[in-house]
Amino acid sequence: MLEVLLVIGFFVLFGSIGGFVIWSFVHVRKRDGRSDQQQAELVQFVEERGWSYTPSMPGGGDRYCGSAPFPDKGVNIDVSDYITGEFRGRTFCCFEYRTRGAGTDTGDRQWRFHTVFALTTPTPVPRTSIRRPQALDRLDARMFGGGHVVELGIPAFDEEFRVITDDEPFARTLAGHLAQFLPSDPRAKNAPLQFHGSELTTWYKGRLRPDQIDPQLTFLCDVVDRLPEQAWRPA
C-alpha cells in the first residue's frame, strides 16, 4: 500500500514521465537491496545444504571473461557471495558479479548486479552461447573470438534462439540435441546458456537469493541431462 501511495505522489509531483522514472529508480533500488537479515538467511541456507560460502573472492570472475555478463578481458575481477557445492551429483558454483552503472562520478553511480550459476560439465568444450535473439548478434559473434552465428535450419528453434560459437560442428551437435527441449521449456526464455571451458553457465540481472538457487541449478542440470555422451568432446 505504501509503495502505491509513493507512486501516486511521484506522478502528481513530477508528471507522468518523471514520476515513472523515479518510481522505476525506487523499484530497482528496492529489488537490488538486501538487508542484514536477508544476508544471514542466504548464509544459513548454504550451511544447511552443506555447501561452502565465501563472502568475497578477488579474481573469481577472471576465468569467465569473454562470456556474458563479464567483460572480454580482465584481471582480478572480484565476485561476492561465492557458493560452491554439489547439486544432483554435479559440482557447481554461484555468485554475484557487480559493476558500476551510469553516473556523473563514482559517488553517484549505482551498483548493477548479476547473479551467475556455473555447473561443471563432463569435459572441456568449445565456447558456445545459446540465448535469445538480440539486435547485435552478428557483431557479438565477431567479437566472440572470431565466432559466428549458427542456424540449425529448424524454424521453431532458430526463431527463438541464437547460437554463437567459434566451433560450428560442435555447436550444431550440441544445439541439435537441445532443439526440441529449449523451445518447449519456458525457463529457457529467461536463462541464456554459455558453454565455456569445463562449465555451463547461466545468469540473471539482480541479487543472489536463496529461492533462486534450486530453480537455476535444476535448469542447468536438465540441460546437461539431455546431452548424450557423444555430444561431449575435448575442445
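Predicted model: local features only at pLDDT ≥ 70, side-chain atom pairs only at ≥ 80, totals over all residues.

Me: Where do Arg34 and Asp81 lie?

Reply: Arg34 is in the loop between helix H1 and H2, and Asp81 is in strand E2. They are 47 residues apart in sequence, so the pair ties those parts together.

Me: Is Arg34 buried or exposed?

Reply: Buried, because its relative accessibility is 19% and the cut-off is under 20%. Asp81 is buried too, at 4%.

Me: Switching to helices. At what angle do H2 and H7 pack?

Reply: About 45°, with the axes 9 Å apart. That makes the two helices oblique to each other.

Me: Which residues meet there?

Reply: Glu41, Leu42, Phe45 and Arg49 come from H2. H7 brings Pro210, Ile213 and Asp214. By class, the contact has four nonpolar, three charged and no polar residues.

Me: Which residue does Arg49 form a salt bridge with?

Reply: Asp214, with the closest N and O atoms 2.7 Å apart. The pair links parts of the chain 165 residues apart. Arg49 is partly exposed at 36% relative accessibility, and Asp214 is partly exposed at 25%.

Me: Which residues are linked in a network of salt bridges?

Reply: Arg88, Arg90, Asp185, Arg187, Asp222 and Asp225.

Me: New topic, Glu96. Where is it?

Reply: Glu96 sits in strand E3, residues 90-100. Its relative accessible area is 1%, so Glu96 counts as buried.

Me: What does the side chain of Glu96 make a polar contact with?

Reply: The side chain of Arg207, at 2.8 Å. Further along the chain from itself, Glu96 touches several residues, including Arg34, Asp81 and Phe113.

Me: And His196, which strand is that in?

Reply: Strand E7, residues 193-205. His196 is buried, at 17% relative accessibility.

Me: What lies 3.1 Å from a polar atom of its side chain?

Reply: The backbone oxygen of Arg63. Among the residues His196 touches are Arg63, Tyr64 and Arg127.

Me: One last pair. What does Arg132 form a salt bridge with?

Reply: Glu160, with the closest N and O atoms 2.4 Å apart. Both residues lie in loops, 28 residues apart in sequence. Arg132 is partly exposed at 31%, as is Glu160 at 27%.

Key: Residues numbered from 1 in each chain as written. Heavy atoms only, no water. Helix = DSSP H or I, 4+ residues; strand = E, 2+ residues; numbered from the N terminus. Buried < 20%, exposed > 50% of the residue type's maximum accessible area, 1.4 Å probe, protein only. Polar contact = N/O pair within 3.5 Å; in protein donor to acceptor, adjacent residues only side chain to side chain. Contact = heavy atoms within 4.5 Å. Axes fitted to C-alpha atoms, helices over the stretch in contact; angles between N-to-C directions. Parallel < 35°, antiparallel > 145°, perpendicular 65-115°, else oblique. Nonpolar A, V, L, I, M, F, W, Y, C, P; charged D, E, K, R; others polar. Salt bridge = Lys/Arg side-chain N within 4 Å of Asp/Glu carboxyl O. Lists of a residue's contacts leave out its neighbours within four places in sequence.
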